[in-house]
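Welcome! Have a look at the chain below, and then we will walk through some of its helices together.

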Amino acid sequence: MDVMFRILYGSQTGTAEEVSERLWKKLKSYGMRGTVGAMDEYDIVNLIHEGLVIFVCSTTGQGEEPDNMKRFWKFLLRKNLPSTSLNRLCFAVLGLGDSSYAKFNFVAKRLHRRLLQLGGSSLVPLGLADDQHDLGPDGVIDPWEKNLLEEISKSYPSLMNASSENKLFTRYKAVAIGDCDEQLSENNKYFEEENVKNNEENYSKGRPFSAVLKENSRITSSEHFQDVRLIKLGAPSLGYSPGDVLMVSPRNLEENVTKFFEITCLNPDEKFCLHPNDPDVPKPRPELKPKSEGGFGGLTVLECAQSIWDLSRQPGRQALAQMAKYSNNDLEKEKLEELSSTDGQEEYLSYICRPRRTMLEVMADFPHTTAALMLDQMFDLLRPIRPRAFSIASSSQDKRKMERKSGEIIHAHQGEIHLLVAVVKYKTKIVAPRLGLCSNWLARSLPGDIIPVWIRKGSFRFPSNPVSSIIYGYGFFLKKLSKKIADHKM
């Protein structure tokens with residue numbers, strides 16, 4: 001059977017991706033065939049052959065498209081595309097934004113308009129979710145999704161199987177592969193192995209560079225409320241320019257990993273690989289694929305709890321709905337269903353959003369449900385840890401130096417990348433303080449530790465020709481200025 005629908009997302013922080021996967025699971029539960037993925041991972045030349053495509057996109061910066069949508073959007077803007085290119089396409093667009101910004105949902109509006117210009121037909125009106133809505137983005141997403149499902153059932157009645165609506169769908173099957181003699185080290189050995197095989201241009205989320213922590217020092221007074229760290233990384237193979245961004249893949253904090261195994265019944269030493277349960281399911285990440293399929297041969301449950309599953313993330317309503325389906329305790333099941341329902345949005349906001357409750361804390365609050373969770377189900381319930389972006393506060397210029405009038409010699413930071421990291425820690429009505437995952441992980445790291453990183457090209461660029469400039473700024477902008485000054489081009 002041919003693929004019946006596609007969901008394509010443009011996501012900068014993971015929210016649009018999460019909404020897309022939630023919608024994909026909903027459509028799959030109705031027995032439909034279809035895939036979900038980032039726009040830039042999709043071969044856009046096939047768009048002219050598609051029948052039903054659902055687009056979910058966020059707006060980042062000052063009305064800019066997310067990084068994993070840029071190539072897709074650039075292609076759509078070609079002036080030589082005929083106005084009848086997408087005559088076969090029936091589409092729906094959902095935008096995620098914040099109305100406190102001037103260019104609210106700018107990307108979704110432009111995408112919707114461009115698809116119409118190329119001949120596509122809109123199945124439902126453009127959805128514009130707003131973080132400022134009294135019920136958050138779900139205040140728009142829920143009715144938009146309901147309308148979409150109704151229109152799909154009208155336009156494609158043969159594709160939807162109502163009897164499958166409550167079908168329990170898990171994406172992967174975890175297959176144990178015996179003893180863990182070959183298990184990966186705590187310092188992500190597979191990263192180090194791949195660094196040998198790949199050159200600088202290939203460092204990415206899937207193949208990060210193993211930077212060595214050289215210095216971790218607090219630069220604010222111990223009496224000051226804000227802990228700001230100067231992080232120096234040894235990264236001789238990474239080249240970068242002013243305006244580029246360093247992406248960091250953090251790990252869960254040690255106490256959270258310990259707590260996870262206290263409340264679940266999983267064996268931390270069990271090593272396994274993942275196999276998709278459906279041909280529409282994306283292939284698992286390389287470290288969870290068997291070697292026979294070109295993967296790294298699997299991970300242990302402990303390694304997943306350390307570096308794959310995000311235990312500090314706030315769970316969405318979809319995660320709570322998943323827990324309700326997995327639950328074997330009537331009282332917990334009823335409460336989870338209430339929290340994940342449309343009528344329970346206010347309670348969801350009070351329980352999850354306002355106190356910033358984490359997924360790990362929610363699991364601890366529903367002990368019977370959590371104790372019954374299987375390894376397969378964890379990959380539907382727990383989101384992967386999202387890499388964090390940091391402005392670079394150093395210069396990549398080799399052997400650059402300048403002598404000031406005072407006689408002081410300034411050297412560029414050869415073979416190093418410097419970060420200024422504000423450690424996120426604050427209080428809510430929950431007794432335990434809220435801790436930012438990446439900033440606290442970096443603050444606790446010791447010299448010699450391995451930090452998986454890669455460079456993402458930034459959109460901010462200084463002029464190539466030397467000019468006299470007076471520039472002012474604050475926050476992250478100061479990092480770029482200090483880096484530029486170190487290059488001695490200002």
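This is a predicted model: local features need pLDDT of at least 70, side-chain atom pairs count only at pLDDT 80 or more; totals for chains, interfaces and linings use all residues.

## Helix 1: checking the length

Helix 1 covers residues 15–29, so it has 15 residues, and at 1.5 Å a residue it should span 21 Å. The expected span is 1.5 Å times one less than the number of residues.

How many of the residues of helix 1 are buried? Twelve of the 15 are, which leaves this helix mostly covered. Among them are A16, V19, L23, W24 and L27, and the buried set also includes E18, E21, R22, K25 and K28. Just past the end of helix 1 comes G31, with a positive phi of about 85 degrees.

## The whole chain

Now let's step back. The protein chain holds 15 helices and 19 strands. It has 490 residues, and 51% of them count as buried.

If you take contacts between residues at least 6 apart in sequence, 75% of them join residues at least 24 apart.

## Helix 8 meets helix 9

Next, find helix 8, at residues 317–326. Its axis comes within 8 Å of the axis of helix 9, and the two cross at roughly 155 degrees. Angles over 145 degrees count as roughly antiparallel, so helix 8 is roughly antiparallel to helix 9. The crossing of this pair is left-handed.

Which residues make the contact between helix 8 and helix 9? From helix 8 come R317, L320, A321, M323, A324 and K325, and they meet K333, L336, E337, L339 and S340 of helix 9. Sorted by class, the residues of this contact are six nonpolar, one polar and four charged.

## Helix 9 meets helix 10

Helix 9 (residues 330–340) also packs with helix 10 (residues 345–353). Here the axes are 7 Å apart, and the angle is about 105 degrees.

On the helix 9 side, the contact is made by K335, E338 and L339, while helix 10 brings E347, Y348 and Y351. This contact has three nonpolar and three charged residues, and no polar ones. Look for L339 in your view: this residue of helix 9 takes part in the contact with helix 8 and in the contact with helix 10.

Notes: Residues are numbered from 1 along each chain as its sequence is written. Side-chain values use heavy atoms; hydrogens and water are left out. Axes are lines fitted to C-alpha atoms, for helices over the stretch in contact, and angles run from 0 to 180 degrees between N-to-C directions. Helices (H or I, at least four residues) and strands (E, at least two) are DSSP runs, numbered from the N terminus. Contact means heavy atoms within 4.5 Å. Ala, Val, Leu, Ile, Met, Phe, Trp, Tyr, Cys and Pro count as nonpolar, Asp, Glu, Lys and Arg as charged, and the others, Gly among them, as polar. Angles under 35 degrees count as roughly parallel, over 145 as roughly antiparallel, 65 to 115 as roughly perpendicular and the rest as oblique. A crossing is left-handed if the near helix is turned anticlockwise from the far one by less than a right angle, and right-handed if clockwise. Buried means under 20% relative accessible area, exposed over 50%, partly exposed in between (1.4 Å probe, protein chains only).
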